[in-house]
Amino acid sequence: PFAEDADYVVINGMYIKGRAVIATAHQQIFDTIYKDTTLSLTVKQVRFLRPDVAVVHVSGHRDGPTKEESHAGMLTLVMTKEKQGWTIAAFQNTAVVAKG
């Protein structure tokens, strides 16, 4: 669902650009460190800046084979409505640190 020229800020702060690069990076982690994990996502808020532009906040939780591989995150997406439907123009993944 990423736009061809999408901007992506990874959970560790690294910036990547473009659908092809984002797809390649995700496939690498799905094949390695995220293998055998489950990702749960919940849309928390959608705010339309215009009828064709929205800011979306999503909470996420990744469960891995061990407790150490489970993490929570908060995602911020800027989405635009294009001819083919809604696409992700920008995406930021932020780790949520457990209170304690």
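Predicted model: local features only at pLDDT ≥ 70, side-chain atom pairs only at ≥ 80, totals over all residues.

Biologist: OK. How many aromatic pairs are there?

Modeller: The count comes to four aromatic pairs. Rings of Phe, Tyr and Trp (its six-membered ring) pair if their centres lie within 6.5 Å; planes under 30 degrees apart count as stacked, over 60 as edge-to-face and the rest as tilted. One of the pairs is Phe2 with Phe91, tilted, at 5.7 Å centre to centre and 55° between the planes.

Biologist: Where do Phe2 and Phe91 sit in the chain?

Modeller: Phe2 is in strand E1 (residues 2–9) and Phe91 in strand E6 (residues 85–96), 89 residues apart. Strands here are DSSP runs of at least two residues, numbered from the N terminus. Phe2 is buried too, at 15% relative accessibility.

Biologist: And what about Phe48 and Trp86?

Modeller: That pair is edge-to-face, because the planes are at 65°, with the ring centres 6.0 Å apart. Phe48 lies in strand E3 (residues 38–50) and Trp86 in strand E6, so the pair ties together parts 38 residues apart in sequence. Trp86 counts as partly exposed, with 34% relative accessibility.

Biologist: Which ring residues form a cluster?

Modeller: Phe2, Tyr8 and Phe91, linked by ring pairs.

Biologist: Switching to the core. How many residues does the largest nonpolar core have?

Modeller: It has 15 residues, and those with the most contacts inside it include Phe2, Tyr8, Ile22 and Phe91. A nonpolar core is a set of buried Ala, Val, Leu, Ile, Met, Phe, Trp, Tyr and Cys residues joined through side-chain atoms within 4.5 Å.

Biologist: Which element gives the most to this core?

Modeller: E1, with four residues.

Biologist: Last one. What does Val56 touch?

Modeller: Among them are Val43, Val46, Leu75 and Leu77, not counting residues up to four places away in sequence. Contact means heavy atoms within 4.5 Å. Val56 is also one of the core residues with the most contacts inside the core.

Technical notes. Residues numbered from 1 in each chain as written. Heavy atoms only, no water. Buried < 20%, exposed > 50% of the residue type's maximum accessible area, 1.4 Å probe, protein only.
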